[in-house]
Amino acid sequence: MDARLSSVQIQPPKYGKLITVISIDGGGIRGIIPGVILAALESELQKLDGEDVRLADYFDVMAGTSTGGLITAMLSAPDENGRPLFAAKDIVPFYVKNGPQIFPQPSGILAWASTITKALTGPRYDGKFLYKLIRDLLGNTKLHQTLTSVAIPTFDIKKLQPTIFSTYQIPRRPEIDALLSDICISTSAAPTYFPSYYFKNNDEEFNLIDGGIAANNPTLVAIREVTKEIMKENPDFAAMDPLDYGRYLVISLGAGSNRHEKKYDAKTASKWGLISWLFENNLVPYWIFMAKLARI
């Protein structure tokens, strides 16, 4: 993309030939992985358009779930000068510095017992450090203030349905114009890892957990949100086939996986009972969460 006006006045190409989307999956501390890729991408764009450009200058919509939602907010929230709060190169140092406090690990010979006990009786982490960190970082910034459009999924356990915090929906649903800090804490509230999160905005109550329950990969959420909006505003797009995905430039970033391929086979698994299925596949947190939902 060529520089327009100046390197700090580039705007997402909302009315160009492509709808540009960046999507960042959930994954906890593995947010370091998309952080590395985003830093490399922004560095290449700076070679073209100057060192002051940021990723928010290039994308019509940025979407993120859980740790991806936090990264989305970091890249799109404004600082005191009206520019993105974080450069992409700052994401990995942020995780390296704060990760040990966000996810403190028990030590000692009985550390494993402490981990299991916490998993069975409540959240593994109390979230206090994470909450303070996010609130200090984002302050009073609200959803409508992001420098480009964003979409951050959460799941409401009282309504038993997803809640998507989308800048596109604010005119129709002003109650979702919440503090970015509340949105980021909510989308990061992974069952059994962090407490569920409650807040109230414009007299609307939210009882939220990790957006990964709704869409761990928020790419389709982002495409849906931006497509509905742009088709209303841009006749050229509205006249085209809505299934023509050649109109989109999408960068979808995962956060890796801690699973090991070829770890099990059918012969081994055929002998498993309930305990083996839970512990061999690390499904304890999932089944605890589903059991809790069943009692709602």
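Analyst: Let's start with the packing. Helix 1 (residues 32-49) sits against helix 3 (residues 91-102) at an angle of about 155°, the axes being 8 Å apart. Helices here are DSSP runs of H or I, at least four residues, numbered from the N terminus, and the axes are lines fitted to C-alpha atoms over the stretch in contact, with angles running from 0 to 180 degrees between N-to-C directions. Helix 1 and helix 3 are therefore roughly antiparallel, a label for angles over 145 degrees.

On the helix 1 side, the touching residues are Ile-32, Gly-35, Val-36 and Leu-38, and helix 3 brings Ile-91, Val-92, Tyr-95 and Val-96; contact means heavy atoms within 4.5 Å. By class, that makes seven nonpolar residues, one polar and no charged ones, with Tyr counted as nonpolar and Gly as polar.

Now the charged side chains. Lys-47 and Glu-44 both belong to helix 1, three residues apart, or about one turn. Their side chains form a salt bridge at 2.9 Å, N to O, where the term asks for a Lys or Arg side-chain nitrogen within 4 Å of an Asp or Glu carboxyl oxygen. Lys-47 is exposed at 61% relative accessible area, while Glu-44 is partly exposed at 44% (exposed is over 50%, buried under 20%, partly exposed in between, with a 1.4 Å probe and protein chains only). The structure holds eight salt bridges.

A word on the basis: this is a predicted model, where local features need pLDDT of at least 70 and side-chain atom pairs 80 or more, while totals for chains, interfaces and linings use all residues. Residues are numbered from 1 along each chain as its sequence is written, and side-chain values use heavy atoms, leaving out hydrogens and water.

Notes: Helix = DSSP H or I, 4+ residues; strand = E, 2+ residues; numbered from the N terminus. Parallel < 35°, antiparallel > 145°, perpendicular 65-115°, else oblique.
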